[in-house]
Amino acid sequence: MFGEDAGAGLLLLLLITIACVAAVVHFIRIPYTVALVVAGLALALLPGTPRLAITPDVILFLFLPILLFYGAYHLNVRDLRVTLKPVTLLALPGVVATAGLVGLALHFAVGLSWTSALLFGTIVAATDPVAVLSIFGEMGAPRRLSTIVTGESLFNDGTALVFYGAVLGVATSNAFDAGATVERFAIAVLGGLALGVAVGMLGTALLRNIDNALLETVITLIMAYGGFLLADRLGASGPLETVAAGIFLGYTGKSAMSATTRLESSATWEFFDFLANSLLFLIMGLSVRPLSEATLSQMGTGLLWPLGIAIMAVVVSRVLVVWGVGGLLRLVKDGYPRRWDVVLVWAGLRGAVALAAALSLPMGLPNRDLLLTMTLGIVLFTLVGQGLTMRPLLTWLGIVGKDTSRREIDLAVGRLQVTQAAAREVGALQETGALDPVVAERLIAGYAARREEIRQTLAAAYGGSEAWERREERAAARHLLQVQREAARAAAAQGQIAEKTLEVLLAEIDRDLARVEQEIQADGEA
């Protein structure tokens, strides 16, 4: 899988390295994935270290389905709905604009042909913000900001690879058929999303009829890999299919699993995601030396100019795209704080998808080695340079505090929500006669005391009652609007109101809900 020299000894070495790096990052404040890439680079320079001949199939068909499915499954649909406009603009027209701007710069500044320059633009169009998302979680960055970064990455993986395939077809055939290209793009995008929803529906139906934690976990794994491979075989986008299936299962399928299954499946998938990310970033570091030696021997110091232009073009294009999207959204009164523009620019790291696309370039393609080496340079610059500076950037911009109070508040809010959910469940069990009244009253009293304790902690953390009351009011408003939406749907299902009336009601509720969500997110309360 990792080349001719790979074997049990190499796998053991990689696992030991992963464990050592994971232990070290507890004492030094750098992102875990960045530390893995640096460790891989260090190992690659040691004499006697086996050379890894990493292939695109390893990234695309072994690692990518796990990473995308896990990320999509844990993406909050409610948060995604609120951030849908920026996510869509960054992941669709943003990808096209990035590819075009980077290609334009390389064509005129480096002298690459239009096809080679645009091909490189599509290669580096997809973002991989794993390193910065871990920092967001540690420092308590606003959820809306994290959702924008996560959603953009999940969807632009698929769109970037679709555009890459279209440009690669032109580069290899020296012919461009606009109609055929648009048709392939539509099939890839729409087909991938539709197939993902179908796979999600089928998987959810199976999970509802099975009560076995191990078997249900296997079914989710089949959904991740099976849907990806099926989409690839049918000419649809595997990444978009996997994202759609993961989001659908995360939104509707969790209720189909028992609590035990959710816990066991979550733990298993968390391990899969950790191991896949760890191996992938470590292998990326190890692969730099053998992949770049050929180009270095041919171009020597002459490589510095195209590499420098490539890095500058990627950063500048990211600035233009993010500031353009942010300005457009603020113009229509649906934007986010201006400070977030800087963070979104610097969160545009490149990683595994870009490397896989570069490795997929056919042998003999003009400038293949140069494009591959420039991709490696971009990946290393963004992962190490931008990844290591994200933490001080967030503090300097005032998006997060210098202490851990925000994370403690989030933890308290989470505890309050699960405590309230447990109390409601006890009440429901008591009403149905499934729980002895004496036991139920004792449990409810315990949850009430716990709830009051958490509320006092939150009130003290907010430094006064006004902020806490505002948060409570908005949380209640959000919940009540969601109840109204379900009531409207139920009324339509029972024939009490017409479908047209339902559409009007849902539009009104969604507008109010979006406003409340924006207020919550803008204040950094959610």
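Q: Is Ala492 buried or exposed, and what is its relative accessible area?
A: In this predicted model, Ala492 has a relative accessible area of 12%, and because buried means under 20%, Ala492 counts as buried. Ala492 belongs to helix H20, which covers residues 465–493.

Q: Which residues does Ala492 touch, once residues up to four places away in sequence are not counted?
A: Ala492 is in contact with Ile497, Glu499 and Leu502 on that count.

Q: Where does Arg485 lie, and which residues is it in contact with?
A: Arg485 is also a residue of helix H20, and with a relative accessible area of 10% it is buried. Leaving aside neighbours within four places in sequence, the contacts of Arg485 are with Arg81, Leu506, Ile509, Asp510 and Leu513.

Q: What does the whole protein chain look like in terms of helices, strands and buried residues?
A: The protein chain has 21 helices and 0 strands, and of its 526 residues 48% are buried.

Q: How is the packing of two helices described?
A: Two packed helices are described by the angle between their axes together with the distance between those axes. In this structure, helix H14 (residues 304–331) packs against helix H17 (residues 368–396) at an angle of about 55°, with the axes 9 Å apart. That angle makes H14 oblique to H17, and the crossing of the two helices is right-handed.

Q: Which residues of H14 and H17 meet, and how do they divide by class?
A: From H14 come Pro306, Leu307, Ala310, Ile311, Val314 and Val315, and they meet Leu370, Thr373, Met374, Gly377, Ile378, Phe381 and Gln386 of H17. By class, this contact of H14 with H17 has 10 nonpolar, 3 polar and no charged residues.

Q: What is the arrangement of helices H1 and H2?
A: The axes of H1 (residues 8–24) and H2 (residues 32–45) come within 10 Å and cross at roughly 130°, which makes H1 oblique to H2. The crossing of H1 and H2 is right-handed. On the H1 side the contact involves Thr17, Ile18, Val21 and Ala22, which meet Tyr32, Ala35, Leu36, Ala39 and Leu43 in H2; these residues divide into 8 nonpolar, 1 polar and no charged.

Q: Why is H7 described as roughly antiparallel to H9?
A: The axes of helix H7 (residues 114–123) and H9 come within 8 Å and cross at roughly 165°. Because angles over 145 degrees count as roughly antiparallel, H7 is roughly antiparallel to H9. The crossing of this pair is left-handed. Thr115, Leu118, Leu119, Thr122 and Ile123 of H7 make the contact with Ala160, Phe163, Tyr164, Val167, Leu168, Val170 and Ala171 of H9, and by class the contact has 10 nonpolar, 2 polar and no charged residues.

Q: How many residues does the largest nonpolar core have, and which of them have the most contacts inside it?
A: As a general idea, nonpolar side chains in soluble globular proteins tend to be buried together. Here the largest nonpolar core has 131 residues, and those with the most contacts inside it are Leu106, Leu119, Phe120, Met390 and Leu394. Leu106 touches Gly111, Leu112, Ala117, Phe120, Pro306, Ile309, Ala310 and Met374, not counting residues up to four places away in sequence. A second, separate core has 5 residues, among them Val413, Leu416, Ile454 and Leu458.

Q: What is the phi of Asn367, and where does this residue lie?
A: Phi of Asn367 is near 65°, a positive value in a residue other than glycine. Asn367 lies in the loop between helix H16 (352–359) and H17, and at 33% relative accessibility it counts as partly exposed.

Notes: Residues are numbered from 1 along each chain as its sequence is written. This is a predicted model: local features need pLDDT of at least 70, side-chain atom pairs count only at pLDDT 80 or more; totals for chains, interfaces and linings use all residues. Side-chain values use heavy atoms; hydrogens and water are left out. Axes are lines fitted to C-alpha atoms, for helices over the stretch in contact, and angles run from 0 to 180 degrees between N-to-C directions. Helices (H or I, at least four residues) and strands (E, at least two) are DSSP runs, numbered from the N terminus. Angles under 35 degrees count as roughly parallel, over 145 as roughly antiparallel, 65 to 115 as roughly perpendicular and the rest as oblique. A crossing is left-handed if the near helix is turned anticlockwise from the far one by less than a right angle, and right-handed if clockwise. Contact means heavy atoms within 4.5 Å. Ala, Val, Leu, Ile, Met, Phe, Trp, Tyr, Cys and Pro count as nonpolar, Asp, Glu, Lys and Arg as charged, and the others, Gly among them, as polar. A nonpolar core is a set of buried Ala, Val, Leu, Ile, Met, Phe, Trp, Tyr and Cys residues joined through side-chain atoms within 4.5 Å. Buried means under 20% relative accessible area, exposed over 50%, partly exposed in between (1.4 Å probe, protein chains only).
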